[in-house]
Structures are given as structure tokens and as C-alpha cells.
Amino acid sequence: MLDHMTFRVTDIGRAKAFYSAALAPLGYSVCFEGNYGANMVGFAYPDSSEPDGKKADVWFIDGPSPYGGPAATTGCHLAWRAETRAQVDAFYRAAISAGGKDNGAPGLRPHYHAHYYGAFVIDPEGNNVEAVCHQPE
């Protein structure tokens with residue numbers, strides 16, 4: 001089970017603006033912003049099982065890693081679970097309005113399974129980001 005993920009970006013301000021808009025319909029908000037040798041921004045959703053009532057599971061950091069590799073994480077597929085299809089629709093609209101590029105409008109993807117309802121957007125770094133609801137509606 002994953003606990004959290006960190007992705008490198010070329011422009012932390014742009015990442016913050018894009019993901020603040022795109023993830024808001026899924027209940028996410030900025031939970032951390034600071035500089036620990038590089039600029040970082042973390043996003044969390046409400047989770048009563050966490051000590052502070054929210055779970056930070058996605059982080060963005062600007063610039064290249066001190067351990068080598070590219071300056072930004074690109075070409076990845078990141079998918080967030082939505083509780084409802086309406087949240088998927090809202091994610092898509094918000095992500096497009098925030099500068100994302102369409103990579104698959106909201107809709108059923110029955111080739112995945114009968115109730116797979118997802119939407120896909122290319123983020124500012126070139127990652128394929130998705131919101132998906134697995135529930136029938």
C-alpha cells in the first residue's frame with residue numbers, strides 16, 4: 001500500500017496552482033508549503049484516522065534531485081480515486097481550466113471494468129493525471 005509520493009517539477013508555483021485547482025473537487029488542499037533546500041508543496045485530503053485529521057499523500061518539489069536524474073518527473077500516470085462520477089467531472093473541468101490538456105474526457109471505460117468512470121488530463125509537466133470512480137451510478 002502506498003503512503004505518499006513525491007514528484008519533481010520545473011515550476012513549483014505552476015504545480016501548486018494546477019494541483020490546487022485539479023484536486024480540490026476530490027477534497028484535497030495544500031497542507032504544507034516550504035523550503036527544505038528546495039521548494040516543496042504537499043496536498044492532503046480529510047482523513048479522521050490521521051493524527052491531524054488529514055492525509056498528505058502527494059508532494060511536489062522543484063528542481064533536480066541531489067541524487068541525479070531529470071529535473072522534473074514527466075511521462076507518469078497519476079490517478080486519484082473519486083467517490084462519485086460528479087467529482088470526476090469536476091476534476092476534469094478544474095484541471096482543464098487550470099491549464100491542463102485533454103487526454104480523455106469523463107466517461108465510462110468498460111474495457112477496464114463495467115463501472116470504471118475516469119477522466120484524463122496532461123499536467124504542465126507532461127504527466128497523464130486522472131480521477132477515477134469505480135462505483136456504479
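User: In what order do the four strands of the open sheet stand?

Analyst: This is a predicted model, in which local features need pLDDT of at least 70 and side-chain atom pairs count only at pLDDT 80 or more, while totals for chains, interfaces and linings use all residues. Residues are numbered from 1 along each chain as its sequence is written, and side-chain values use heavy atoms, with hydrogens and water left out. Strands are DSSP runs of E of at least two residues, helices runs of H or I of at least four, both numbered from the N terminus, and two strands pair if DSSP finds at least two bridges between them. The pairing in this open sheet is mixed, and its order is β1-β4-β3-β2.

User: Which strands stand at the edges of the sheet?

Analyst: An edge strand here has a single partner, so one side of it is left without a neighbour in the sheet. Neighbouring strands are turned by 25° against each other on average, direction ignored. The edge strands are β1 (5-9) and β2 (29-35).

User: How many bridges join β2 to β3?

Analyst: Strand β3 covers residues 39-46 and runs antiparallel to β2. One of the pairs is Val 30 with its bridge partner Phe 43 in β3. The number of bridges joining the two strands is six.

User: At about what angle does α1 run to β3?

Analyst: Helix α1 (residues 12-23) lies across β1, β2, β3 and β4 (54-62), with contact meaning heavy atoms within 4.5 Å. Axes are lines fitted to C-alpha atoms, for helices over the stretch in contact, and angles between N-to-C directions run from 0 to 180 degrees. On that basis, α1 runs to β3 at about 10°.

User: Which strand supplies the largest share of the lining of the largest pocket?

Analyst: On a 1 Å grid, a pocket is an open set of points with protein on both sides within 12 Å along at least five of seven lines, a cavity is a set where a 1.4 Å probe fits but cannot get out, and lining residues have an atom within 4 Å of a point. The largest pocket holds about 570 Å³, and of its 22 lining residues the closest to its centre are Tyr 28, Tyr 45, Asp 57, Trp 80 and Arg 81. At least two lining residues each come from β1, β4, β5 (77-81) and β9 (128-133). The largest share, four residues, comes from β5.

User: Which element gives the most to the lining of the largest cavity?

Analyst: The largest cavity has about 30 Å³ of space, a volume being the space filled by probe spheres set on the grid points, which are joined across faces, edges and corners. Its lining consists of Val 9, Asp 11, Arg 14, Ala 15, Tyr 19, Asp 123, Pro 124 and Glu 125. With three residues, the element that gives the most is α1.
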